[in-house]
Amino acid sequence: RQLNAENVLGIRRYAKSYFCKDLIEKATIFIVHNFEDISKKSEEFLHSSFHEIHQFITDDRLNVRLEETVCEAVFRWVRYNKPARSCYLPILLQGIIMGLLDPEYFMTNVKSNQLVMERLPECRNIIKEAMKLVCDLQFVDEPTAATSSILRDTTKYPTLMRPRLPSEVLLAIGGWSGGSPTNAIEAH
């Protein structure tokens, strides 16, 4: 009941040091459901270890409206102690689902990011694979069978397009179309 964006990371660390499994899990769920606020507002976020950051960004339950939020959080965490943390950037970039990034954002804020450029030899393969995906998807205006086959081909882009589990889903069931009832279901 006392968890909030400013204290949850400290409470989770405390729970880990005393092996409080239930509290660790509740804090972790709070973190992945409120990642955006925590990564922007919590000073403790910047003091988190690599293993904590990696665990949060690779958790399928991570709830973010835009994958750009995850990317910015990683860059902010690395910049906070760049000499000690820049070596972790290639591993953390693999936790970002590049296929969910806006292509323009990817080109201007990831591909040409100063932190990425400084670690280019280690980041090259990640950026190269993401570029292929961005080029495949960039020229698609409307979802088509071809787009769907690109997105479904998990062998081609195994982790670059893996969707995160949403915390909320809106379903529209049934309705009227052309003066008669329909049995369509839409999920958003």
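Select Arg61 and Glu25 to begin: in this predicted model the two side chains form a salt bridge, with the closest N and O atoms 3.0 Å apart. Arg61 sits in the loop between H5 and helix H6 (67-80), while Glu25 belongs to helix H2 (residues 21-33), so the pair ties together parts that are 36 residues apart in sequence.

Move to Glu118 and Lys82, whose side chains meet in a salt bridge at 3.0 Å, N to O. Glu118 lies in helix H10 (residues 114-118) and Lys82 in helix H7 (residues 82-85), so this pair, too, ties together parts that are 36 residues apart in sequence. Glu118 is partly exposed, at 39% relative accessibility, and Lys82 falls into the partly exposed class with 32%.

Now select helix H3 (residues 35-41), which holds both Lys41 and Asp37, four residues apart, or about one turn of the helix. Lys41 forms a salt bridge with Asp37, and the closest N and O atoms are 3.9 Å apart, a value to be read against the cut-off of 4 Å. Lys41 is exposed, with a relative accessible area of 54%, whereas Asp37 counts as partly exposed at 36%.

For the last stop, show helix H1 (residues 8-17) together with helix H5 (residues 50-57) as cartoons. How are H1 and H5 arranged? They pack at an angle of about 110°, with their axes 13 Å apart, and because angles of 65 to 115 degrees count as roughly perpendicular, H1 is roughly perpendicular to H5. The crossing in which H1 passes H5 is right-handed.

To see which residues make this contact, display the side chains of Leu9, Arg12 and Arg13 on H1, and those of Glu52, Gln55 and Phe56 on H5. Coloured by class, the contact of H1 with H5 shows two nonpolar residues, one polar residue and three charged residues.

How values were computed. Residues are numbered from 1 along each chain as its sequence is written. This is a predicted model: local features need pLDDT of at least 70, side-chain atom pairs count only at pLDDT 80 or more; totals for chains, interfaces and linings use all residues. Side-chain values use heavy atoms; hydrogens and water are left out. Axes are lines fitted to C-alpha atoms, for helices over the stretch in contact, and angles run from 0 to 180 degrees between N-to-C directions. Helices (H or I, at least four residues) and strands (E, at least two) are DSSP runs, numbered from the N terminus. Angles under 35 degrees count as roughly parallel, over 145 as roughly antiparallel, 65 to 115 as roughly perpendicular and the rest as oblique. A crossing is left-handed if the near helix is turned anticlockwise from the far one by less than a right angle, and right-handed if clockwise. Contact means heavy atoms within 4.5 Å. Ala, Val, Leu, Ile, Met, Phe, Trp, Tyr, Cys and Pro count as nonpolar, Asp, Glu, Lys and Arg as charged, and the others, Gly among them, as polar. Buried means under 20% relative accessible area, exposed over 50%, partly exposed in between (1.4 Å probe, protein chains only).
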